[in-house]
Amino acid sequence: MADVDTGGRDRLALAVLVQYRMATTAQMHLILSPGVRIEQTRRRLAKLREEGLIDRITLPRAGRTRVWHPTPYGAQLAGEWPELRGRRPPRGVVDRIAVRLKVGHGLTVTETTLVFLQDARRRGDVCRPLDWIPEVRHPLGGGEAVIPDALLYYQRCSADGASGADGADGASDTEGTRGGVMLRAFVEVDRATMGPERLAAKLTAYARLHQYTPAPAARPRQQPFPEPVQETWRQRYPLFPRLLFVLDGTGPAGLTTRIHALRAASRDIALAGFLRDVPVLAAPLADLLQHGPAAPVWHPIPGPDHGQRLGWMHTQNS
């Protein structure tokens, strides 16, 4: 039975790559086995590559960094597992050329994952590798959809932050099954590849999702009191997830411009109900890496321009 645990770690490594799309060797090590030597992670990845489950590309810069991704065979195999049911990546993600073209954004999203995973470990909270789910499609009807860069599940078990500015005892939170508070967040990772107005327009898309109800199906005439149609997001979540913008790829002036654009968009009266119910925050990735996401490094949207900062667990009524 000595190989059972090893097989479990191999399975998790493949599941992470299928779900995350791509990761470097160092990222995979920190996700999977930060307490052991990185050579063990390298051997594990090499074995999975020999078995045809994963492959890699080598970046010409950054010290010839190796970026790992699933093969079609690996994605097909892992997609049959219960923990990945319904989460099979798009076909292009297992293509070497597609991985190379998406590597900048993909690795930044994975780096953002690590920010939350490592902070949860330090704080004694629960956020496992597969609690970070990229690109979950949320239909808006007419072929449109909101697809966040990631959906985060996070169970806060630590006593600190149980109340006050970093508390989570209100909107967008529910009691976890094993105690503590369950938080959910839509995460948008912005690398300044689009203009500030296009970034800010995502607020409108999420507000539409917050309100969207499908067209009612035709009902028999003998039902005089049909059940009311609910917003589609309620089929997945007890409360609408908070919205986090993680900003990267630009200097301090660019970060300020993008935060101002988000705040300007938030003044639209059509967004008032959404912003009243859902915490929306923005923070530079550099600040998250330096201080951790639970630290007061997040700019509230909407919010004042005089330097107010919050932790990501902040709620509207705290």
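Trainee: Is strand 9 mostly covered, or mostly exposed?

Mentor: Before answering, note that this is a predicted model, in which local features need pLDDT of at least 70 and side-chain atom pairs count only at pLDDT 80 or more, while totals for chains, interfaces and linings use all residues. Residues are numbered from 1 along each chain as its sequence is written, and side-chain values use heavy atoms, with hydrogens and water left out. Helices (H or I, at least four residues) and strands (E, at least two) are DSSP runs, numbered from the N terminus, and a residue is called buried under 20% relative accessible area, exposed over 50% and partly exposed in between, with a 1.4 Å probe and protein chains only. Strand 9, residues 181–190, is mostly covered, since ten of its ten residues are buried. Val181, Leu183, Ala185, Val187 and Val189 point one way, Met182, Arg184, Phe186, Glu188 and Asp190 point the other way, and all are buried.

Trainee: Which strands pair with strand 9, and in what sense?

Mentor: In general, the strands of a sheet pair through backbone hydrogen bonds, either parallel or antiparallel. Here two strands are said to pair if DSSP finds at least two bridges between them. Strand 7 (residues 150–156) is paired with strand 9 in the antiparallel sense over seven bridges, and Ala150 has Val187 as its bridge partner in strand 9. Strand 10 (residues 242–247) runs parallel to strand 9 and is joined to it by six bridges, with Leu243 of strand 10 as the bridge partner of Phe186.

Trainee: What do the buried residues of helix 7 pack against?

Mentor: Packing is read from contacts, and contact means heavy atoms within 4.5 Å. The buried residues of helix 7 (residues 252–265) are Gly254, Leu255, Arg258, Ile259, Ala261, Leu262 and Arg263. They pack against strand 9, helix 6 (196–211), strand 10, strand 11 (280–284) and strand 12 (299–300).

Trainee: What is the strand order in the open sheet of three strands?

Mentor: The order is 1-3-2, with antiparallel pairing. Strand 1 (23–24) and strand 2 (54–58) are the edge strands, each pairing on one side only. Strand 2 is joined by five bridges to strand 3 (residues 66–70), and the two run antiparallel; Ile54 has Pro70 as its bridge partner in strand 3, and Arg56 has Trp68. On the other pairing, strand 1 and strand 3 are antiparallel over two bridges, and Thr24 stands opposite Val67 in strand 3. Strand 3 is largely enclosed by the rest of the structure, because four of its five residues are buried.

Trainee: At what angle do the axes of helix 2 and helix 3 cross?

Mentor: Axes are lines fitted to C-alpha atoms, for helices over the stretch in contact, and angles run from 0 to 180 degrees between N-to-C directions. Angles under 35 degrees count as roughly parallel, over 145 as roughly antiparallel, 65 to 115 as roughly perpendicular and the rest as oblique. The axes of helix 2 (residues 25–32) and helix 3 come within 9 Å and cross at roughly 110°, and the two helices are therefore roughly perpendicular to each other. Thr25, Ala26, Met28 and His29 of helix 2 make the contact with Ile38, Thr41, Arg42 and Leu45 of helix 3.

Trainee: How many helices and strands does the protein have?

Mentor: The protein has nine helices and twelve strands, and buried residues make up 48% of its 318 residues.

Conventions
The expected span of a helix is 1.5 Å times one less than its number of residues.
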